[in-house]
Amino acid sequence: MLDIKLEDIKPLFTEDELQNRIKEIAAELNSFYKVEEVYAICVLKGAVMFATDLVKYLDMPLKMEFIRLSSYGTGRNTTGKVNAVDISLPDLNGKNVLIIEDIIDTGLTAKFLMDFMACNFKTKSTKFCSLLDKKISRKTDIEPDYYGFHIDDKFIVGYGLDYEGYFRNLKFIGYVE
Ligand code: 5GP
């Protein structure tokens, strides 16, 4: 039985706040890449909402790729180990790569991905963009190149982020105690 109900979720960012911030991030990306082609890599499943909204506001020629990683075990506990569930990618040598994540927490996932890119491709550029940045629990020295919001040490759900697979479909972001 799911032990969290919709009423237990305390709002953190409304749909409007999310969309406004996403437009601001897109403006930063548009001014950085200008007309250069970008490979936007969405890290499933959590970043699906953010990535699909963000790319709508990007103006450069763009291709989307989807990879699937997992670091969370059951419920609210991270396993501390990143598993590549599906990381098949095209040849990214010489390309601008933009990794799009939902949240950077310990930073292990970000580090895994940045290392994976560096080991497998000589990209033109590799940037990491995360909607949320939970700085307090960082265990690596990695920082996102672009982020939406800094957040406290709370367990977040909604807008792609789940609890036991639920609540990804919420239009807002909230937290549970
Ligand atoms: P990291 O490797 O930085 O510790 O964690 C990255 C992944 O952990 C995210 O992509 C996300 O799937 C998951 N994660 C981290 N914090 C939270 C959280 O507060 N809520 C949810 N639902 N997932 C989280």
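A: Helix α1 passes helix α2 in a right-handed crossing. A crossing is right-handed if the near helix is turned clockwise from the far one by less than a right angle, and left-handed if anticlockwise. Helices here are DSSP runs of H or I with at least four residues, numbered from the N terminus. The model is predicted: local features need pLDDT of at least 70, side-chain atom pairs count only at pLDDT 80 or more, and totals for chains, interfaces and linings use all residues. Residues are numbered from 1 along each chain as its sequence is written, and side-chain values use heavy atoms, with hydrogens and water left out.

Two packed helices are described by the angle between their axes and the distance between the axes. For α1 (residues 15-33) and α2 (residues 48-56), the angle is about 55° and the axes lie 9 Å apart. Each axis is a line fitted to C-alpha atoms over the stretch in contact, and angles run from 0 to 180 degrees between N-to-C directions. The two helices are therefore oblique to each other; under 35 degrees counts as roughly parallel, over 145 as roughly antiparallel, 65 to 115 as roughly perpendicular and the rest as oblique.

As for the residues, α1 brings Gln19, Ile22, Ile25, Ala26 and Leu29 to meet Phe50, Asp53 and Leu54 of α2, where contact means heavy atoms within 4.5 Å. Six of these residues are nonpolar, one is polar and one is charged. Nonpolar covers Ala, Val, Leu, Ile, Met, Phe, Trp, Tyr, Cys and Pro; charged covers Asp, Glu, Lys and Arg; the others, Gly among them, are polar.

Elsewhere, three strands form an open antiparallel sheet in the order β1-β9-β8, strands being DSSP runs of E with at least two residues that pair if DSSP finds at least two bridges between them.
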